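A short briefing follows, grouped by topic.

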Amino acid sequence: MRDKLHTWCLRRKQSKWGNRFWLGTALFGAYGLLIGFVGIFFGDMTVLNFCLVTLGAVICFSWYQSDKKRKSNISFLAQINAELMQRSLSMSDGIILSESDQS
């Protein structure tokens, strides 16, 4: 289990396009949000401006939630990895003790 977790973490760290895609999506969402607000305040109130504000807000909120969830998952996986390391060390100590008891 620990090896599978370690390989998954390494593969996840190597994948940079997923993070860049989400960052680009967040930037486009913020851009749409700002353009919508500028259009409402300095131009006229059109349906397009309200759509830009709504979609930009939804995109920024989804990016925020996914980033928060990603950080939570990373910390949870680190805790699992630490627990697995601790258990593997304690089990190897137990195995060594039991082998020495048999001799």
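**Aromatic pair and a buried asparagine**

A search of the whole structure finds one aromatic pair. The rings of Phe 37 and Phe 41 have centres 6.2 Å apart and planes at 20°, so the pair is stacked (rings of Phe, Tyr and Trp, the last by its six-membered ring, pair if their centres lie within 6.5 Å, and planes under 30 degrees apart count as stacked, over 60 as edge-to-face and the rest as tilted). This is a predicted model, in which local features need pLDDT of at least 70 and side-chain atom pairs count only at pLDDT 80 or more, while totals for chains, interfaces and linings use all residues. Residues are numbered from 1 along each chain as its sequence is written, and side-chain values use heavy atoms, with hydrogens and water left out.

**The phenylalanines**
- Phe 37 and Phe 41 are four residues apart in helix α2 (residues 17-42), and are therefore separated by about one helical turn (helices are DSSP runs of H or I with at least four residues, numbered from the N terminus).
- Phe 37 is partly exposed, with a relative accessible area of 37%, whereas Phe 41 is exposed, at 64% (buried means under 20%, exposed over 50% and partly exposed in between, with a 1.4 Å probe and protein chains only).

- Asn 49, found in helix α3 (residues 47-102), is buried, with a relative accessible area of 11%.
- A polar atom of the Asn 49 side chain lies 3.0 Å from the backbone oxygen of Asp 44.
- Gly 36, placed in helix α2, counts as buried at 0% relative accessibility.
- Leaving aside neighbours within four places in sequence, Gly 36 is in contact with Asn 49, Leu 52 and Val 53 (contact means heavy atoms within 4.5 Å).

Conventions: Helices (H or I, at least four residues) and strands (E, at least two) are DSSP runs, numbered from the N terminus. A polar contact is a pair of N or O atoms within 3.5 Å; within protein, one must be able to donate a hydrogen and the other to accept it, and residues adjacent in sequence count only if both atoms are side-chain atoms.
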